[in-house]
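Subject: Structure handover and notes

Hello,

Here is the structure I said I would pass on. My notes on it follow below.

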Amino acid sequence: MILDDITESTRIRLESAKKDIPFSEVRRQAENMPSDTEFPFRKALEKSGLSFICEVKKGSPSKGIISEKFPYLEIARKYEEMGADAISVLTEPEFFKGSNKYISEIHQTVKTPLLRKDFTIDEYMIYKAKTLGASAILLICSILEKSQLSEYLGIAHSLGLSALVETHNEYEIETALSVGAEIIGVNNRDLKTFRVDTATSENLRKYVPSDKIFVSESGIHTAEDIQKMKNINADAVLIGEAFMRSENPSELLERFKGN
């Protein structure tokens, strides 16, 4: 399965990263940075109405290259100008064509809270996210044991990082809630098959309590999709491809907001 391939590729990438900068050094760097106890990513999603996490993404396994030229700093600036509540930045290099430099340079360019979108399988990646300027990390239930999920949430919060805990079924939501997740994402894409169905969010919304932040991820392309998420009282949506392919993302966001 492709998810297994991605996680194995991430393990190999980590081995190389740890040789370049040892874990002890990355941890020291991260812990010496200011811990933003305001948790700006979470705060951005807590506002009244639907929040928009706009994604900077060059490619994906299912769609190939989405943006050939990929002016990532210009994209991030545009997102901030058009009122994105948060920005998601892909850093996984092999399958999503991401890079750590994208989020590091975007952090120096915009003030909007940043989510490091990667396949977190080791605490090293959490400390690294902090040093790169992220305000939040992604934790995917389907690739982590419950004990890891709990440990990684604790590390993230100790560094002032929020965690978007990604789920795809009722069991994963229960697991996320049991370890104290505050931001629950439901991925409408099945990472095992890469099939997408926004009904996944509609069907699972009832399992996430109202005092948690509910984020619908993937497959949201139209005003009709946005209306479906408003109808189920989603707190936020994470949208990448629709904005990346749009000739006028500002106009598209305005249409989504006004729907």
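Two strands count as paired if DSSP finds at least two bridges between them. Helices (H or I, at least four residues) and strands (E, at least two) are DSSP runs, numbered from the N terminus. The model is predicted, so to speak of local features a pLDDT of at least 70 is needed, side-chain atom pairs count only at pLDDT 80 or more, and totals for chains, interfaces and linings use all residues. Residues are numbered from 1 along each chain as its sequence is written, and side-chain values use heavy atoms, with hydrogens and water left out.

Strand 6 (residues 136-140) pairs with strand 7 in the parallel sense over five bridges, and Leu139 is opposite Val165 of strand 7. Between these two strands the chain passes through helix 7 (residues 146-158), and the β-α-β crossover is right-handed. That term means that, with the strands pointing away from the viewer, the path from the first strand over the helix to the second runs clockwise.

Strand 7 and strand 8 also run parallel, joined by four bridges, with Leu164 opposite Ile183 of strand 8. Here the chain crosses through helix 8 (residues 170-178), and this β-α-β crossover is right-handed.

Six of the six residues of strand 7 (residues 162-167) are buried (under 20% relative accessible area, 1.4 Å probe, protein chains only). Ser162, Leu164 and Glu166 point one way, and Ala163, Val165 and Thr167 the other.

Asn187, in strand 8 (residues 183-187), is buried, with a relative accessible area of 5%. Beyond four places in sequence, Asn187 is in contact (heavy atoms within 4.5 Å) with Glu166, Thr167, His168, Thr200, Glu217 and Ser218.

Nonpolar core

A nonpolar core is a set of buried Ala, Val, Leu, Ile, Met, Phe, Trp, Tyr and Cys residues joined through side-chain atoms within 4.5 Å. The largest one has 88 residues, of which Phe52, Tyr79, Val215, Ile239 and Phe243 touch the most other members. Helix 6 (residues 123-132) gives the most to this core, six residues. Not counting residues up to four places away in sequence, Val215 touches residues including Leu164, Ile183 and Leu238.

Gly219

Where is Gly219 found? Gly219 is in the loop between strand 9 (213-217) and helix 10 (223-231). Its contacts, leaving aside neighbours within four places, are Val196, Thr198 and Asp225.

Regards

Key:
Buried means under 20% relative accessible area, exposed over 50%, partly exposed in between (1.4 Å probe, protein chains only).
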